[in-house]
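Please check each point against the structure as you go.

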Amino acid sequence: MSHDTMHIAFTLNGKAVEIDVLPHERLLDTLRYTLGLTGAKEGCGEGECGACTVHLDGLPVNSCLVPTFQVRGRDVRTVEHLSPALLAPLHECGATQCGACTPGVVMAAAWIRDNSHLLSRFSIRELMAGNLCRCTGYDGIVHGVERLVASEQGAA
Ligand code: FES
Ligand code: FES
């Protein structure tokens, strides 16, 4: 390890990981280029689009804004950890066109599914406001998330 790097341990998709990171390294780059998890995408690189969304201790975050050293000791989950079945309601509702936004949308949708009590206070559009999509006009995404939440409640 050079003097410029920090050694950190954290949990990634349920497994313990130990790596050396640079002080200003972004979690998005660590995931994609050090750890080979290319599901999280770079869109804006400025915290505006949500394409890079991952879950940090159970909350959706923009991994382009998170310095990797800050995940030391924490729980990180990426789209690779989710069941492909989550995509089905989004596909069925036309919410996946070019796909640039899809990994982030799926991460946000999974979080809404797991926190559906929030839907008594916030709309799906409000909860997905951090995930931009150039293609779908959002109606497909909203319907897909509605269908996902409904299927989960039906299964409960
Ligand atoms: S790439 Fe992270 S929010 Fe756009
Ligand atoms: S499907 Fe193209 S940006 Fe969302």
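1. His 7 counts as exposed, because it has 11 C-beta neighbours inside 10 Å; a residue is called exposed if 12 or fewer other C-beta atoms lie within 10 Å of its own, buried if there are 20 or more, and partly exposed in between, with C-beta atoms placed from the backbone. His 7 lies in strand E1 (residues 6-12), where helices (H or I, at least four residues) and strands (E, at least two) are DSSP runs numbered from the N terminus. The C-alpha atoms of His 7 and Leu 22 are separated by 9.0 Å, although the two residues are 15 residues apart along the chain.

2. A word on conventions: this is a predicted model, in which local features need pLDDT of at least 70 and side-chain atom pairs count only at pLDDT 80 or more, whereas totals for chains, interfaces and linings use all residues. Residues are numbered from 1 along each chain as its sequence is written, while chains are lettered from A and ligands numbered from 1 in the order in which they are written.

3. The open sheet has five strands in the order E2-E1-E5-E3-E4, with mixed pairing, two strands being paired if DSSP finds at least two bridges between them. E2 and E4 stand at the edges with a single partner strand each, so one side of each is left without a neighbour in the sheet. On average, neighbouring strands are turned by 40° against each other, direction ignored; axes are lines fitted to C-alpha atoms, for helices over the stretch in contact, and angles run from 0 to 180 degrees between N-to-C directions.

4. Strand E3 (residues 53-56) runs antiparallel to strand E4 (residues 59-62), and four bridges join the two. Leu 56 stands opposite Leu 59 in E4, and in the hairpin, which has two residues between the strands, Asp 57 takes a positive phi near 50°. E3 is also joined by two bridges to strand E5 (residues 75-77), again antiparallel, with Arg 77 in E5 as the bridge partner of His 55. Helix H3 (residues 102-114) packs on the sheet, touching E3 and E4, and its direction makes about 35° with that of E3.

5. In helix H1 (residues 27-34), the buried residues are Leu 27, Leu 28, Thr 30 and Leu 31. Strand E2 (15-21) is among what covers them, contact here requiring C-beta atoms, placed from the backbone, within 7 Å. Just after H1, Gly 36 takes a positive phi of about 70°.

6. The protein chain is divided into domain 1 (6-79) and domain 2 (84-155), with bounds that come from an automatic or database domain assignment. Their C-alpha centres lie 21 Å apart, and 14 residues of domain 1 are in contact with 11 residues of domain 2. On the side of domain 1 that touches domain 2, the largest share, three residues, comes from E3.

7. The largest nonpolar core has 34 residues, and Leu 90, Val 105, Val 106, Ala 109, Ile 141 and Val 145 have the most contacts inside it; such a core is a set of buried Ala, Val, Leu, Ile, Met, Phe, Trp, Tyr and Cys residues joined through C-beta atoms within 7 Å. H3 gives the largest share of this core, seven residues. Both domain 1 (6-79) and domain 2 (84-155) give residues to the core, so it lies between them.

Note on methods: Two residues are in contact if their C-beta atoms, placed from the backbone, lie within 7 Å.
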